[in-house]
Amino acid sequence: MDFNLPPELVAYLAELDSFIEAKIKPLEQRDDNMRYFDHRREYERTDWDAGGLPKKEWEDLLGQARRLADEAGHLRYAWPQELGGKGGSNLDMAVIREHLAAKGLGLHNDLQNEHSIVGNNPFILMFKEFATNAQYERDGENLLAGKMRTGFGLTEPEHGSDATWMDTTAVRQDKDGQPGWLIQGEKMWTTGMHVATHVMVFARTSGKDGDATGITCFIVPADTPGVKIEEYLWTFNMPTDHPRVSFTDVWIPEDSYWGQVDRGLGLGQSFVHQNRIRQAASSLGAAVYCIEESVKYARARKPFGKPLADNQAIQWPLVELATQCEMLRWLIRKTAWDMDHMEHKEIERQISDKVSMCNYWANRLVCEAADRAMQVHGGIGYSRHKPFEHIYRHHRRYRITEGAEEIQIRKVAAFLFGFMGPKKKAYAEAGL
């Protein structure tokens, strides 16, 4: 086994660092743009008079950074080569996202809204794996050009982790002689609807509550009659672009879906596996940042005439966190490597438990690291003049939104005890 990173990936990290210094940092410093990253960040990012939405100026700044990254060939790094990217692997992305998050807050990488100079867009791979030729012909060009921006409508007011019990339905209905579907229902936390051109609506088209089959992923234009943003939900982490959206008598043409009718849940699973491993790497990077900043502060701060770092009460909690980071890093990289060495649709069957391990543990760890950083820094750590409260508020949501950690632990248990996954057949043959 060789645990060294590929030389080309190491070189690419250095290339990214140079790009950040040459192009992103100057933009970050221009026109007082640091107001979006220093103690003013929450106030300056949020349009409090527009339902708590992100300010247009803030989103415009992020757009400028992404355009610079795209021009330099970084933004689409992870896209498949046949779709205009560089074919960056899951391992590459895990290493890159840890590397960028470990730099702290900045225009290069702000995970409050998944912004990064190296884009994370699971929709692209999901589309590649599941779209039919006809769907690719219809939507491929707009999706790849960024002209098709999709919200993700899976969670509902009454259903979250129990997605197979969704209340949203779609039934076949002709309109003016044209076959189509009539959608009824509501979705929660449909992020990005204020700028989305379309929304992916998962709806039951056959079967009964609890069935994994019988769910279809529809692609609904955001301006379709009957699609209504009911409210933007204010969260622990502002600004918010997470609305509750209703679908009342929403009619769409028959072919307005991705993948296959009744097989849409596979698209959702594809999305979460890609997102979970990359998001775990980001949480790891943010945890490393909190630990390293705490170590620096403890060495420099000298209460009672000696450095804080001399005290075991300061050392030991940081040692525990650093140890967990080291172990988690290798689990994330091994899991990402495994994902790269199997068919995309086999990930759910073979190593979904490992992806869940990485994700739920990373999300716990970063919250603990941010909390410890506040404690080590004392009063200034609790203030907004340090980034730890922002890191905590942002990453705390991932213990829920990437699949609640309880659900992910249940997945690990199912694989461990052979209720599903590779062990299931062996236990059944043994009569256990």
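Modeller: What follows goes label by label through a predicted model.

Colleague: Why is Ser-246 called buried?

Modeller: Its relative accessible area is 6%. Buried means under 20%, so Ser-246 qualifies. Ser-246 sits in strand E11, residues 243–253.

Colleague: What makes Phe-304 count as exposed?

Modeller: Phe-304 has 88% relative accessibility. The cut-off for exposed is over 50%, so the label holds. Phe-304 is in the loop between H7 and H8. Its phi is near 55°, a positive value in a residue other than glycine.

Colleague: Why is Asp-32 called partly exposed?

Modeller: The relative accessible area of Asp-32 is 38%. Buried is under 20% and exposed is over 50%. Asp-32 falls in between, so it is partly exposed. Asp-32 belongs to the loop between H1 and helix H2 (41–45). Phi is near 55° for Asp-32, again positive in a non-glycine residue.

Colleague: How do you know which peptide bond is cis?

Modeller: Omega is near 5° for the bond from Met-238 to Pro-239, and that bond is cis. Pro-239 is in the loop between strand E10 (227–232) and E11.

Conventions
Residues numbered from 1 in each chain as written. Predicted model: local features only at pLDDT ≥ 70, side-chain atom pairs only at ≥ 80, totals over all residues. Heavy atoms only, no water. Helix = DSSP H or I, 4+ residues; strand = E, 2+ residues; numbered from the N terminus. Buried < 20%, exposed > 50% of the residue type's maximum accessible area, 1.4 Å probe, protein only.
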